[in-house]
Amino acid sequence: MPLTPPPARPLHKVKVALVLSGGGARALAHAGVIEVLEKNHIPVDLIVGSSAGSIIGALYADEPNADKLREKIIALNKWDLIELNWKSGVKMFWQLRGPVEGNALRCFLQKNMKAYHFDDLHIPLAVVTTDVHHGDAFVIRSGPLVPAIHASSAVPMVFSPVQIYGRTLVDGGVASPVPVEIAKQFQPDIIIAVDIGTNPDHGSVKNAYQLGMRSLHIAYYKLSDWQNKAADIVIHPAVDQFGMFDDHANEHLYQAGQQAAFAALPQIQQLLEAKQIPSKRRPSSTCENERVDFNFVIKCND
């Protein structure tokens, strides 16, 4: 197994970068935002996704059709993407394991994406993960898609970490919940960030577990707020009442994304006009790079 991803396709003159944050089930709102952008001819030249944002970003980059994206995800529930393995869960106390291995997520991606490699995508995609040993974000833009998305979505204490490229990778939201600073590396003219994070609860805490979770939530929120400041446009759907694993309100979450995108649309269109960016996205150029195959394709039940 290589220690680095293969060379990524070069990106030139990125006009609009779309940044999709982490947030678990709240990622349905990302799809609502994407529908509004697409139907109003807002170009997207690059997608940068962290955690659940990488899942939605990959599905859309693979098939840039908002209606098709909605069909794939609107009826999803958490058990379509996670499977519990209590043996692995017990081992987490002395091994780098978690109760979820990620097989269900990989099967979902394999069944719902035509692309196998990043180079097969119609829109360039950057997937953000966190390297737990180096303590920083690790961005993947080439090679096989599924292991990269799996790593970006591997929530600590829930998913087992993903071992690829000689690294131990977990959820991208640990290091970069709203990866605007990653998008800036590609020097886009405009960065549109969609933040589906939630405000920390300001109620009382009654035990050490609640205190620990509240502390993590505050840190996540503060980091997200700091990253949002570097975006040109921030779309923040009203999803505060929903948790990461809530799957009972998909339609509501989708509509929250639509509503937030509609509210931001005049500002987006004004900025496009000021930057003289045409409303129709040009087809992405492709290049033949070296392909690296891992044995990450798994047998899925139909």
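Predicted model: local features only at pLDDT ≥ 70, side-chain atom pairs only at ≥ 80, totals over all residues.
**Helix 8**

Helix 8 runs over residues 208-228, a stretch of 21 residues.

Four residues of helix 8 are buried: R214, S224, Q227 and N228. They lie on the same side of helix 8, because the arc they cover around the axis is only 155°. The other side of the helix carries the exposed residues A208, K222 and W226. The cover over the buried residues of helix 8 includes helix 7 (180-184), strand 7 (190-194) and strand 8 (233-235).

The N-terminal end of helix 8 is capped by N207. A side-chain oxygen of N207 lies 2.7 Å from the backbone nitrogen of Q210.

**Two buried residues**

N228, one of the buried residues of helix 8, has a relative accessible area of 11%. That value is under the 20% limit, so N228 counts as buried. Leaving aside residues up to four places away in sequence, N228 touches V178, A193, D195 and V234. The C-alpha atoms of N228 and A175 are separated by 14 Å, and the two residues are 53 places apart along the chain.

T130 belongs to strand 3, which covers residues 125-131. T130 is buried too, with a relative accessibility of 5%. Its side chain reaches the backbone oxygen of G172 at 3.5 Å. With residues up to four places away in sequence again left out, T130 touches D136, T168, L169, V170, D171, G172, V174 and A175.

The table sets the two residues side by side.

| Residue | Element | Relative accessible area | Residues touched, including |
|---|---|---|---|
| N228 | helix 8 | 11% | V178 and V234 |
| T130 | strand 3 | 5% | G172 and A175 |

**Rings and charge**

How many aromatic pairs does the model contain? The count comes to one aromatic pair. In general, such a pair of rings is described by the distance of the centres and the angle of the planes.

A ring also takes part in a contact with a charge. The charged end of R70 sits over the ring of Y254, at 4.7 Å from the centre of that ring.

Note on methods. Residues numbered from 1 in each chain as written. Heavy atoms only, no water. Phe/Tyr/Trp six-rings, centres within 6.5 Å; stacked < 30°, edge-to-face > 60°. Lys NZ or Arg CZ within 6 Å of the ring centre and 35° of its normal. Expected span 1.5 Å × (residues − 1). Buried < 20%, exposed > 50% of the residue type's maximum accessible area, 1.4 Å probe, protein only. Arc of directions from axis to C-beta. Contact = heavy atoms within 4.5 Å. Polar contact = N/O pair within 3.5 Å; in protein donor to acceptor, adjacent residues only side chain to side chain.
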